[in-house]
Amino acid sequence: MPAPGSTAGRGGKPGKHCRPVIVDAIVYIVRGGVAWRQLPMEFPPAGTVYAVFARWSHNGGWQRIVDALRDRLRVRDWRDRCPTAAIIDSQTVPAADTVPRSSRGWDGGKRTNGVKRHVAVDVNGLLLAVVVTAASIQDRDAAHRLKTALRGRCSTIRLVWADGGYPGRLPVWAKDVLALPMQIIKRIPGATGFHVRPRVWVVERSFAWINKHRRCVRDYATRPDHHESMVHIATIATMTRRLART
């Protein structure tokens, strides 16, 4: 966890509440889907919990925790700590009335008014990067931001798999500008209904893990970066449970 401000040489008194308890309260919010002011009395005040959540969202604390836990899981599974391949995809979720119009949009394909989260995962389905946009943004357009974030965070990635929703000039741009070759995995010709596609099923399973946390099933955040933090926290909860079983 990020170090308290009182230990960074900027002065200030120690925090009143235990930091692990504050983290438990934030995970409770994400898992249970309750409002901030509906926290049980045994947790610290809702204002304090939200302030820590917002501060770590701003300084990238949640992403750093995800990176540390993912490295531990990859080493435990006898893989290199730094991933060399990624799978990208997007998921549209409805937005509550608390989400401003500037952050939401209409997804004509899913017929949903909400937001779209674009994620990149490794071959184990562990989160590498996430970008939240309005649902009206096309996958190929938002993928520029996602792949830029992926390249900045994971310089060892040498291949990216994606489904048929990322056509056009995106693969050429990713290869020429970011040195990230893309491989598009299309549907089986002539196949009807649902069928499992290689590699793509990994990121679909990651979406299922995220959707086990009720705060991620529907967007209530007034800021896209806060929804990204909710995805990070859902991933942290998933990985800590896996690490606890070892």
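**Contacts, cores, bridges and a pocket**

Tutor: In this predicted model, Trp62 is in contact with Ile26, Phe53, Trp56, Ser57, Ser229, His232, Ile233 and Ile236, leaving aside neighbours within four places in sequence.

Student: What makes these residues contacts of Trp62?
Tutor: Contact requires heavy atoms within 4.5 Å. Ile26 and Ile236 are among the residues that meet this for Trp62.

Student: Which residues touch the most other members of the largest nonpolar core?
Tutor: They are Ile26, Leu39, Phe53, Trp62 and Val119, in a core of 41 residues. Helix α7 supplies the largest share of this core, seven residues. Another core, of 19 residues, lies apart from it and includes Leu128, Cys154, Ala174 and Met182.

Student: Why is the link between Arg153 and Asp67 called a salt bridge?
Tutor: The rule asks for a side-chain nitrogen of Lys or Arg within 4 Å of a carboxyl oxygen of Asp or Glu. For Arg153 and Asp67 the N to O value is 3.1 Å, so the pair qualifies. Arg153 lies in helix α4 and Asp67 in helix α3, so the bridge ties together parts that are 86 residues apart in sequence. Asp67, Arg70 and Arg153 are also linked in a network of salt bridges.

Student: Why is Asp67 called buried?
Tutor: Buried means under 20% relative accessible area. Asp67 has 16%, so Asp67 is buried.

Student: Why does Arg153 count as partly exposed?
Tutor: Exposed starts over 50% and buried ends under 20%. Arg153, at 42%, falls in between, so the term is partly exposed.

Student: How do you know that Lys116 and Asp107 form a salt bridge?
Tutor: Their side chains meet at 4.0 Å, N to O, and the cut-off is within 4 Å. The pair is therefore counted. Both Lys116 and Asp107 are buried.

Student: How many salt bridges does this rule give?
Tutor: The count comes to nine. One of them joins Asp77 and Arg76, at 3.3 Å, N to O. Asp77 is partly exposed at 29% relative accessible area, and Arg76 is partly exposed at 32%.

Student: What is the volume of the second largest pocket, and which residues are closest to its centre?
Tutor: The volume is about 240 Å³. Of the 15 lining residues, Gln63, Val130, Arg153, Glu228 and His232 are closest to the centre.

Student: Which element gives the most to that lining?
Tutor: Helix α7 does, with four residues. The lining divides into six nonpolar, six polar and three charged residues.

Note on methods. Residues numbered from 1 in each chain as written. Predicted model: local features only at pLDDT ≥ 70, side-chain atom pairs only at ≥ 80, totals over all residues. Heavy atoms only, no water. 1 Å grid on protein atoms, 1.4 Å probe; cavity = no way out; pocket = protein on both sides within 12 Å on 5 of 7 lines; lining within 4 Å. Points joined across faces, edges and corners; volume = space filled by probe spheres on them. Helix = DSSP H or I, 4+ residues; strand = E, 2+ residues; numbered from the N terminus. Nonpolar A, V, L, I, M, F, W, Y, C, P; charged D, E, K, R; others polar. Core = buried A, V, L, I, M, F, W, Y, C linked by side-chain atoms within 4.5 Å. Buried < 20%, exposed > 50% of the residue type's maximum accessible area, 1.4 Å probe, protein only.
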